[in-house]
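Please look through the sequence and the structure below. The briefing that follows covers a sheet and a helix pair.

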Amino acid sequence: SKKLAAGSDAIVLDVKTGNGAFMKTEQDAFALAKEMVRIGNGAGRRTVAVITDMDQPLGNAVGNALEVKEAILSLNGCGPEDFMEVVYELGAQMVLLTGKAATREEAIEKLMETVKSGAALHKLAEFVEAQGGDKSYVIQPQLLPAAKYTLQVLNTQEGYVDRILAEEIGLASLALGGGRTTKDSEIDLAVGILLNKKRGDYVAGNEPLAVIHANDMEKAIEAYGRVVKAYEIRSEKPDKVPMIKGIVSE
């Protein structure tokens, strides 16, 4: 409704599915996507929905400043593989809707070039400045808020990461103060979690799975328990899970 009210004539929706998503099953995610696309097209707007995986956190960063830093890193061409796969797919669909490319492959090539040339990072700086922000943070992300403490979450079971329960990681970030439990809660922009290991990665005993960024050690210890609980380790390497589950256009 916000996108329709804002006057967008082309809309690309990211409909997530999995443990950390509103729609836990692919069936429900596709049903939601089809309904959203039907509404958008019915309102006269070209609308596409991309169903993406959220059975583990997307990228490596969870938390406000940490995620902004990761976004800036990605626009510098150094983003996490799973994150960039989703970014390029969503971007390609928008490029196709606007008629700037004839094929998905051509669209992705154009997107990659904007990152490689630095144009994408420059555009982010323009966005920030246009909204009254300080664009120097885009060029120097180290200026963003940083937490007082870091705490490594050590692995106790040798093997491969099979799943990372995204909902538990989200609750861990919430426990640190990275989100609101009530509408009056004050968000701590500096706190969060950086994931060292993702699905399919091998981990040895006592190897760090993640690093907690905190301003309160009691909250960090609570988050530690949730992060440990979120990781599921098994002896065999799991099959690669596609990030893109499907695309709904009509």
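Tyr160 stands opposite Arg234 in strand β9, and the bridge partner of Ile164 in β9 is Tyr231. The model is predicted: local features need pLDDT of at least 70, side-chain atom pairs count only at pLDDT 80 or more, and totals for chains, interfaces and linings use all residues. Residues are numbered from 1 along each chain as its sequence is written, and side-chain values use heavy atoms, with hydrogens and water left out.

**Sheet**
- Strand β5 (residues 159-164) pairs with β9 in the antiparallel sense over 4 bridges; two strands pair if DSSP finds at least two bridges between them.
- Strands are DSSP runs of E with at least two residues, and helices are runs of H or I with at least four, numbered from the N terminus.
- The order β7-β5-β9 makes an open sheet of 3 strands with antiparallel pairing.
- β7 (202-203) and β9 are at the edges with a single partner strand each, so one side of each has no neighbour in the sheet.

**Faces of β9**
- In β9 (residues 231-234), Tyr231 and Ile233 point to one face and are buried (under 20% relative accessible area, 1.4 Å probe, protein chains only).

**Helices**
- The axes of α8 (residues 166-176) and α9 (residues 217-230) come within 8 Å and cross at roughly 180°; axes are lines fitted to C-alpha atoms, for helices over the stretch in contact, with angles from 0 to 180 degrees between N-to-C directions.
- α8 and α9 are therefore roughly antiparallel (over 145 degrees).
- α9 lies across β5 and β9, at about 40° to β9; contact means heavy atoms within 4.5 Å.

Conventions. Buried < 20%, exposed > 50% of the residue type's maximum accessible area, 1.4 Å probe, protein only. Parallel < 35°, antiparallel > 145°, perpendicular 65-115°, else oblique.
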